[in-house]
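Me: I am new to this structure. Please walk me through the terms used for it.

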Amino acid sequence: MRKLTFLSVTVLTLVLLSACASVGKGMEKEQETTVEQEPKEIEGSQDKEQQQTDDNIYPLTGQAMDEVSHHRVIGVMVNNHTKARPQSGLSQADIVYEVLAEGQITRFLALFHSRIPDTIGPVRSARPYYFEIASAFNSVYFYHGAATAINRQIAANGIHYLDGSMYDNNGWLFQRSSERSAPHNSYLITAGLDQALTNKEYPRDHEIAPLPFSKENQVINGTDAKDVTITYSGHPEEVVTFTYDEASGQYLRSSDGKPSFDAANEERLAVDNVMIVEAEHQIIDSKGRRDIDLTSGGKGYLIQKGKVKEITWKNIDGRILPFDNEEPLSFVPGQTWVNITPKNAAITIND
């Protein structure tokens, strides 16, 4: 793991040389270009005066950064099939959005900014609602494959993106693991980010409007929440649990009753904020793919420091943000996990 500093040409050259023996094909340079947009000021985040004084704060965690930087957010589609667990890199993500992909299986959009792990994955295919979320953070969106219609939607969205199917197992940007079978074995190798952005003519820097963070770890006024369980499905089992750890002040994530770990560093997945968002889901094809309404707002929960508060959520310039009626709420500084659920999902909160 390292801070987000794109590697020098010297280091990248070493990576390329080491991969040449096993790589039989080069990367085809993609020609699409997109229009750069000015960063938007997000309603409910921080007022203009505060934003001007927060240049030394990571915008997606609210934590102090070592030096001022406006490097890109990296958004990665991460597989959550049982055969893909444990995943690599998730312990370093600033924000993870967990949403149903097809059937009853969830998939992650992991946003990385304050820290970039060496390896992220396994990486899976794109869905419209994931790249729409990623677009609101001016991120570079990484995925591995998609239907032709979805690829067209990604291009039309204007987001900067890289499709792993164009770099499949090339040894310097995407690498297949021999320990797992496809499609659960394709990993993003972040040593290749600098070269990939150069090939696509994407800028390395981009200003990012900060999320709303409380000062001095001020916590929401809510009721006790020691355990939070989200049941996406009972058959097959798709159950997410967050358990409060008083020692760290974080919530420990489990999947289907088993603790969630990062395969790369063996760290338990622990987050400072959990936000549950109820949204309208609609099945749109025979494979169980969905259209999810992430614009209309609705009910939800914000959970932090052992407390839970019922909230409403709103989509503000593409970002899903918590409100108490019309009053914007804040996250505590740290990592955040957002679970987007159907309205009929079972949510159990124990005090």
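Me: What makes Tyr167 and Trp172 count as buried?

Reply: Buried means under 20% relative accessible area, exposed over 50%, partly exposed in between (1.4 Å probe, protein chains only). Both Tyr167 and Trp172 fall in the buried class. A word on the source: this is a predicted model, where local features need pLDDT of at least 70, side-chain atom pairs count only at pLDDT 80 or more, and totals for chains, interfaces and linings use all residues. Residues are numbered from 1 along each chain as its sequence is written, and side-chain values use heavy atoms, with hydrogens and water left out.

Me: Why is Ser186 called buried?

Reply: Its relative accessible area is 1%. The limit is under 20%, so Ser186 is buried.

Me: How do you know that the side chains of Ser186 and His144 make a polar contact?

Reply: A polar contact is a pair of N or O atoms within 3.5 Å; within protein, one must be able to donate a hydrogen and the other to accept it, and residues adjacent in sequence count only if both atoms are side-chain atoms. The Ser186 and His144 side chains make such a contact at 2.8 Å.

Me: Where does Ser186 sit?

Reply: Ser186 is in strand 8, residues 186-189. Strands are DSSP runs of E, at least two residues, numbered from the N terminus.

Me: What makes strand 7 and strand 8 a pair?

Reply: Two strands pair if DSSP finds at least two bridges between them. Strand 7 and strand 8 have three, in the antiparallel sense. At one of the bridges, Phe174 has Leu188 of strand 8 as its partner. The open sheet runs in the order 4-8-7. Strand 4 (119-120) and strand 7 (174-176) are at its edges because each has a single partner strand.

Me: Why is the pair of Tyr167 and Trp172 called edge-to-face?

Reply: Rings of Phe, Tyr and Trp (its six-membered ring) pair if their centres lie within 6.5 Å; planes under 30 degrees apart count as stacked, over 60 as edge-to-face and the rest as tilted. By this rule there are 10 aromatic pairs. Tyr129 and Tyr130 are one of them: 4.9 Å centre to centre and 40 degrees between the planes, which is tilted. Tyr167 and Trp172 lie 6.3 Å apart, centre to centre, with 85 degrees between the planes, which is edge-to-face.

Me: How do you know that Lys200 lies over the face of Tyr161?

Reply: A charge sits over a ring if NZ of Lys or CZ of Arg is within 6 Å of the ring centre and within 35 degrees of the ring normal. Lys200 is at 4.5 Å from the ring centre of Tyr161. Arg268 also passes, 5.9 Å from the centre of the Phe261 ring.

How values were computed
Helices (H or I, at least four residues) and strands (E, at least two) are DSSP runs, numbered from the N terminus.
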